[in-house]
Amino acid sequence: MAESTRDSASTLILVSLAAILILMGIQKDARHLTLHTRTIPSCGVSPSVLESRKLFQTSRRYPKGIHRIPRIHAVDTVSPADTEASAEKKLKNGVHIYTEQDTECTLRINVTVPSGMCTQVIDRMVKKMSKNVTIPGFRPTAKKSKIPQNLIIGAIGHHHLEAACVEELIEKTVWDALKEVKDKALPKSEQIRLENRTKSVLEHAKTKSDYKYSVTVEVIPKVQWDKHYSELSVRLPVLDAEGAFLKRVNRIQKRFGAEMGVDGPFTEEDYAIVSYQFRKAADAENEPGKIIFAALGEDAPLVMHRRIDGKEVRAVKYDPNELKLMPGVREALLGMQEGEEKTIRIVIPEFWEVASEAGIEADLTVRLEEVRRHDLKPLSDSLAPWIASGTTKLDVAMQRGLEQTREELKQEEDDRLKDLITNTVAENVINKLPKRLLYQTAVSMYMDSLPKNRGTTHDIESAPTLVEKYMSQNKVRIERTARARMGLRAIADAEGIEAPREEVIDKTNAAIAMRPRKKLENGTLVKDIPDNIEDTKEWTTSKYSTEMDRAFEWLRNRIEVVRLPLEKDLS
């Protein structure tokens with residue numbers, strides 16, 4: 001009798017403990033729900049929803065079945081379309097979207113998801129995530145369909161379920177919404193914003209209210225011209241072939257002639273080894289600024305000069321008749337003595353391409369390490385092969401060399417004209433530039449600056465630090481290139497310039513052939529070749545680049561070219 005009483009008491013205690021545990025779990029879930037009505041956990045950054053079906057990638061450890069959701073920001077409201085540019089459309093599953101112009105460079109898509117879809121998503125995610133949880137008071141083998149849903153949600157955790165439901169809702173609806181602007185949106189520029197983060201998906205389903213969020217994407221705005229492209233003109237210096245050829249012959253004479261030291265000031269007839277260092281201009285307290293890097297001259301090759309004391313310094317070999325230095329430097333060097341050092345205040349021009357910082361005041365310290373003078377070798381038949389390859393007579397070499405110089409300058413003049421047209425278009429496009437367009441332009445230019453086969457665009461974008469560093473060092477060039485591309489794109493659209501389909505197909509196939517091998521079939525890596533190349537980003541890139549090339553040729557044939565005599569400028 002006593003043993004039976006003890007068994008009954010033990011059973012009663014166990015049942016009481018189970019009830020307490022269940023009650024504690026429900027109260028804990030209630031606290032989670034209360035916290036959740038105030039905030040949603042941080043959701044991080046999303047890769048492109050235009051180029052990848054993977055809406056999320058993360059190394060953060062979530063419970064199995066939970067993933068990180070796209071980049072989301074809170075806003076107070078998502079206003080309906082109320083401008084003439086707005087467009088309302090009904091998508092599948094009862095989803096409504098309103099597309100409207102947000103700013104000059106962005107479009108906003110307001111997405112409304114019906115409450116019925118919220119309920120379906122909740123049921124589906126609860127069923128999926130309940131496979132990996134144990135419900136207090138129920139055996140692990142118990143069927144989840146027999147357990148009340150609120151207990152399952154409590155075991156999963158409201159925060160985890162909410163994150164999974166938001167992710168699922170957005171993934172199910174954002175693709176169709178973005179299709180409406182795929183021809184306008186810049187890749188990887190989308191930002192997802194929730195209307196109300198204080199109201200969860202569970203509450204939307206319970207109150208049968210629609211769930212709302214918005215997607216903003218950057219677009220290329222309609223180009224505004226300072227001077228219309230039909231009125232543009234460029235000023236092209238006429239290159240002097242005979243003068244360039246004589247300069248080339250002079251270099252050959254210097255190369256095979258003798259050198260001598262100079263006991264006196266540096267003049268235009270000499271050349272010097274010049275070491276230098278740039279520092280930011282001193283502040284108000286006369287503290288020296290940090291060292292910055294900039295090239296002393298255009299296409300000036302660096303040399304390492306070893307002083308008598310054994311110290312090596314960075315320097316350039318400067319010939320006043322050959323090399324163009326930064327404005328103000330030439331005047332400072334002329335008249336200096338060998339071994340003399342001088343510090344001058346200059347402004348690094350904004351257009352200076354090789355500089356870690358441009359458009360700023362800097363203190364430049366220069367030192368003449370050596371001053372030398374050339375003793376030119378007299379012209380003779382011995383120099384003929386160097387003047388024109390394959391010749392042995394001086395008169396024949398001079399004639400053939402002049403013809404070769406004319407051909408070279410013709411190509412150089414063509415390249416100069418292209419640069420002038422590009423810069424003129426950029427100067428007359430006065431729009432605000434989308435950030436994504438600047439970033440894409442920087443990636444493209446950085447790729448072009450690398451040797452071939454050094455990686456794909458995806459590889460470069462996966463290393464944002466490299467791109468950001470390149471952008472900070474080449475801000476002016478990148479902006480100029482982006483504006484020129486905008487202008488050429490606008491010309492192509494305005495004049496109805498279209499790329500030939502065959503040419504686009506050839507370029508697209510060549511670009512696809514450069515894709516890295518990814519798919520594994522029968523133990524062999526193979527390239528992922530799409531069924532329809534018109535759906536690939538390579539097709540869009542090839543089509544746009546071809547049309548811009550043709551727009552450039554169209555403009556080149558119509559732009560006014562004012563030819564000017566070339567003035568000697570080696571300042």
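**Notebook: helix contacts and cores**

I began with the contact between two helices: Leu438, Tyr439, Ala442, Val443, Met445, Tyr446 and Ser449 in H10 meet Pro464, Leu466, Val467, Tyr470 and Met471 in H12. I sorted the residues of this contact by type and found eleven nonpolar, one polar and no charged. I note that the model is predicted.

Next I looked up how H10 and H12 are placed. Their axes lie 10 Å apart, and the helices pack at an angle of about 95°. Angles of 65 to 115 degrees count as roughly perpendicular, so H10 is roughly perpendicular to H12.

I then turned to H13, which covers residues 475-494. At 1.5 Å a residue, its 20 residues should span 28 Å, and I found the end C-alpha atoms 29 Å apart, which agrees. I listed its buried residues as Ile478, Ala482, Arg483, Ala484, Met486, Gly487, Leu488, Arg489, Ile491 and Ala492. Both H10 (435-449) and H12 (464-473) are among the elements that cover them, as are H9 (394-428) and H15 (537-556). After H13 I came to Gly496, which has a positive phi, near 65°.

Last, I looked up the nonpolar cores. The largest holds 43 residues, and Leu161, Tyr211 and Tyr213 have the most contacts inside it. Elements giving two or more residues to this core include helix H2 (115-129), helix H4 (158-179) and strand S6 (211-218). H4 gives the most, with ten residues. I found another core apart from this one, of 30 residues, including Ile292, Ala332, Ala362 and Val371.

Definitions and conventions
Residues numbered from 1 in each chain as written. Predicted model: local features only at pLDDT ≥ 70, side-chain atom pairs only at ≥ 80, totals over all residues. Heavy atoms only, no water. Helix = DSSP H or I, 4+ residues; strand = E, 2+ residues; numbered from the N terminus. Expected span 1.5 Å × (residues − 1). Buried < 20%, exposed > 50% of the residue type's maximum accessible area, 1.4 Å probe, protein only. Contact = heavy atoms within 4.5 Å. Axes fitted to C-alpha atoms, helices over the stretch in contact; angles between N-to-C directions. Parallel < 35°, antiparallel > 145°, perpendicular 65-115°, else oblique. Nonpolar A, V, L, I, M, F, W, Y, C, P; charged D, E, K, R; others polar. Core = buried A, V, L, I, M, F, W, Y, C linked by side-chain atoms within 4.5 Å.
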